[in-house]
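Colleague: I have a new model open and want to learn how to read it. Can we take the features in turn?

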Amino acid sequence: MALVPVAIFAALGGFLLSGLFREDPDTLPSALIGREAPAISLTELPGKTALTPEMLTDGEVKLVNFWASWCVPCRVEHPQLEALAEELPVYGVNYKDSPENALAFLAELGDPFSAIGVDEGRTGLDWGLYGVPETFVLDGDGTVLLRFAGPITRSVAEDQFLPVIEEARR
């Protein structure tokens, strides 16, 4: 009986220790990888091409980026989105933002998005969003290949996004 607490403690310690040796301990898990992207229910951003569900299954590899004008890391990643938009379609989901602020953000920094939708929060919940920015790589059938939470830097684009994009195009 005296060994039961020791055994429980050892098992718990082993479980926690195994987490230190994951491939990338900073990566947030996603149940969507390898599954069809959740449905989107978005409103239009005035003056912009509306993001529709059909665009997610159009046969092309694409990015879906959740962003907001109030999000400082979204400003940081914006040049990388513009660079990636030269390689493939980038679709934007403006998250919990006012249309005026979203349009001002795009007017100031440029618009890398092939189409944009506005989400009041429901689509973000369905996609398992932790916050903005978050970006997903989808194959031509709309299957989620990669989820990245946080701002896309040059090294993230080169080391994580481009290999997945190239593999999906084969």
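Modeller: We go from the overall fold to single residues.

Modeller: Keep in mind that this is a predicted model.

Colleague: How many helices and strands are there in the chain, and which pattern does the chain follow along the sequence?

Modeller: Start with the element count. The chain has 5 helices and 5 strands. Their order along the sequence is α-β-α-β-α-β-α-β-β-α.

Colleague: What share of the contacts comes from residues 24 or more positions apart?

Modeller: Count contacts with a separation of 6 or more. Residues 24 or more positions apart account for 76% of them. Valine 76 and threonine 153 are 77 residues apart along the chain, yet their C-alpha atoms are separated by 7.9 Å.

Colleague: Where is valine 76 found, and is valine 76 buried or exposed?

Modeller: Valine 76 sits in helix 2. Exposed means over 50% relative accessible area. Valine 76 has 51%, so it counts as exposed.

Colleague: Now a helix. Which residues of helix 3 are buried?

Modeller: Look for burial first, then for direction. Helix 3 spans residues 99-109, and Ala102, Phe105 and Leu106 are buried there. Viewed down the helix axis, the buried residues fall within an arc of 90°, so they line one face of helix 3.

Colleague: Which residues are exposed on the other side of helix 3?

Modeller: Glu100, Ala107 and Glu108 are exposed there.

Colleague: What do the buried residues of helix 3 pack against?

Modeller: Check the partners element by element. The buried residues of helix 3 pack against strand 1 (62-67) and helix 2 (72-85). They also pack against strand 2 (90-95) and strand 3 (115-119).

Colleague: Next, a loop residue. Where is serine 69, and what does serine 69 touch?

Modeller: Serine 69 lies in the loop between strand 1 and helix 2. Leaving out residues up to four places away in sequence, serine 69 touches Asn94, Asp97, Asn101, Ala102 and Phe105. Ala102 and Phe105 are among the buried residues of helix 3.

Colleague: Is serine 69 buried or exposed?

Modeller: Serine 69 counts as buried because its relative accessibility is 15%.

Colleague: Which cysteines does a disulfide join?

Modeller: Check the sulfur pair, then the torsion. The structure holds 1 disulfide. Cysteine 71 is joined to cysteine 74, with S to S at 2.4 Å. The torsion about the S-S bond is about 85°, so the disulfide is right-handed. Burial comes next. Cysteine 71 has a relative accessible area of 3% and is buried. Cysteine 74 is buried too, at 2%.

Methods:
Residues numbered from 1 in each chain as written. Predicted model: local features only at pLDDT ≥ 70, side-chain atom pairs only at ≥ 80, totals over all residues. Heavy atoms only, no water. Buried < 20%, exposed > 50% of the residue type's maximum accessible area, 1.4 Å probe, protein only. Helix = DSSP H or I, 4+ residues; strand = E, 2+ residues; numbered from the N terminus. Arc of directions from axis to C-beta. Contact = heavy atoms within 4.5 Å. Disulfide = S-S within 2.5 Å.
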